[in-house]
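Me: I am new to this structure and would like to go through it in questions and answers, please.

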Amino acid sequence: SPPLLEIRNLKVHFPDDTGPVKAVDSIDLIVREKECFGIIGESGSGKTVLCLAILGLLAGDASFSGEIIFKGENLFSMSSRKIRKIRGKEIGAIFQNPATSLDPVFTIGDQLSEALIRGEGFSKAEVNTNLILLLDRVSIRDPALRIRQYPHELSGGLRQRVMIAMGIAAAPSLIIADEPSSGLDLRIKRRIISLLQDISRNASMFIVTHDLELAEKLFETLAVMYAGEIVEIADCKEFFKAPMHPFSEGLLNSLPSRGMQPIPGSSPSLTALPEGCRFFPRCRYAMEICKNKHPELFHVMGKRQVRCFKYA
Ligand code: SF4
């Protein structure tokens with residue numbers, strides 16, 4: 001299927017006393033129609049910044065370059081008014097932090113109605129029926145009660161479902177989700193995953209997470225981020241069968257089901273990145289070349305690309 005979202009050579013840097021923080025460094029990726037594309041990586045690897053960039057929500061002090069092409073148009077060359085419009089209508093967002101997407105002073109009903117009117121252009125009369133349908137889609141029971149409540153009156157699991165409802169209210173063609181399963185207990189998490197699976201049948205999804213269970217169940221294409229760059233792109237099933245990048249291998253080996261071996265060391269500071277491979281200080285396969293030369297993403301086969309000299 002054709003690309004819906006294409007990111008070309010995206011760099012996002014933030015100023016810092018010790019030099020620019022290279023939060024996102026030369027990212028290229030393509031999300032196709034109806035595809036569920038996901039990014040995994042440790043916290044601080046640049047995943048959230050990538051979501052904010054696609055949503056046109058980067059902080060004012062960020063400097064960025066490259067292109068984010070959505071339906072053939074570069075988001076970076078659009079007016080902020082147009083980006084806001086696209087964000088309400090064609091690109092939906094599900095954030096991990098309720099504070100960024102739910103307003104504490106408005107009821108759930110008000111906020112969801114607003115999203116429905118903005119996106120689908122419903123009249124006030126149509127909104128109520130669709131509000132109930134929307135809550136039903138995210139398995140929220142007792143809608144008449146819920147729409148009168150404020151975000152703080154809901155449990156974490158319910159709030160998360162309301163946020164998903166906000167994200168899909170306008171029937172967007174692309175949904176961006178940042179850690180949609182974070183902070184949820186296992187039972188609720190599994191329900192959220194199946195809800196997202198359901199939603200992904202009708203829209204493209206771009207999800208970032210450090211939750212590998214969510215990734216394995218949901219993603220079709222998966223990219224691994226490390227220290228601001230993509231180190232592996234793969235078909236999700238093939239990835240979980242056989243990760244190729246040493247960092248990917250380490251991530252999977254740290255899972256309880258696979259031996260629970262943590263990767264030694266920690267990721268490098270984004271203001272003082274190693275000159276060669278950014279994973280070099282932690283890599284058990286490191287070779288002489290890795291120390292001073294920065295590896296490119298090598299094509300292995302199919303959609304598989306790996307940023308490691310083992311695959312050069
Ligand atoms: Fe390890 Fe070298 Fe591959 Fe980097 S390029 S991940 S140091 S083997």
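Me: Over how many bridges do strands β11 and β12 pair?
Reply: In this predicted model, strand β11 covers residues 298–301 and strand β12 covers residues 304–306. Within this pair, M301 has R304 in β12 as its bridge partner. The two strands pair in the antiparallel sense, and the number of bridges is 3.

Me: Which residue in the turn between β11 and β12 has a positive phi?
Reply: β11 and β12 form a hairpin, with 2 residues between them. In that turn a positive phi of about 55 degrees belongs to G302.

Me: Which strands stand at the edges of the open sheet that 4 strands form?
Reply: The order of the sheet is β2-β1-β4-β5, with antiparallel pairing. A strand with a single partner has one side left without a neighbour in the sheet, and so the edges are taken by β2 (21–32) and β5 (73–74).

Me: Is L50 buried or exposed?
Reply: L50 is found in helix α1, which covers residues 47–54. Counting 20 or more other C-beta atoms within 10 Å as the mark of a buried residue, one can look at L50, which has 28 of them within 10 Å. Because of that count, L50 is buried.

Me: Which residues is L50 in contact with, leaving aside its neighbours within four places in sequence?
Reply: One of these residues is I39, which is 11 residues from L50 in sequence, while the C-alpha to C-alpha distance between the two is 9.8 Å. Contact is judged on C-beta atoms, with a cut-off of 7 Å. With the neighbours within four places left aside, the contacts of L50 are V24, I27, I39 and V208.

Me: How far apart do the C-alpha centres of domain 1 and domain 2 lie?
Reply: The domain assignment gives domain 1 as 3–90 + 173–268, and domain 2 as 101–169. Between the C-alpha centres of domain 1 and domain 2 the distance is 26 Å.

Me: Which element supplies the largest share of the side of domain 1 that touches domain 2?
Reply: The contact takes 11 residues from domain 1 and 10 residues from domain 2. On the side of domain 1, at least two residues each come from α2 (80–89), β7 (174–178) and α8 (186–199). The largest share, 5 residues, comes from α8.

Me: Why is the protein as compact as a globular protein of its length?
Reply: The protein has 12 helices and 12 strands. For 312 residues the globule rule gives 20 Å, and the protein is as compact as a globular protein of that length because its radius of gyration is close to this value, at 20 Å.

Me: What percentage of the 312 residues in the protein is buried?
Reply: Along its principal axes, the C-alpha trace of the protein spans about 70 × 45 × 40 Å. Among contacts with a separation of 6 or more, 64% are between residues 24 or more positions apart. Of the 312 residues, the buried share is 38%.

Me: Which residues come nearest to the ligand?
Reply: The shell around the ligand divides into 12 nonpolar residues, no polar residues and 1 charged residue. Of the 13 residues around the ligand, those that come nearest are C277, C283, A286, C290 and C308.

Note on methods. Residues are numbered from 1 along each chain as its sequence is written. This is a predicted model: local features need pLDDT of at least 70, side-chain atom pairs count only at pLDDT 80 or more; totals for chains, interfaces and linings use all residues. A residue is near a molecule or strand if its C-beta atom, placed from the backbone, lies within 6 Å of it. Ala, Val, Leu, Ile, Met, Phe, Trp, Tyr, Cys and Pro count as nonpolar, Asp, Glu, Lys and Arg as charged, and the others, Gly among them, as polar. The radius of gyration is taken over C-alpha atoms; the globule rule is 2.2 Å times the number of residues to the power 0.38. A residue is buried if 20 or more other C-beta atoms lie within 10 Å of its own, exposed if 12 or fewer, and partly exposed in between; C-beta atoms are placed from the backbone. Two residues are in contact if their C-beta atoms, placed from the backbone, lie within 7 Å. Domain bounds come from an automatic or database domain assignment. Two strands pair if DSSP finds at least two bridges between them.
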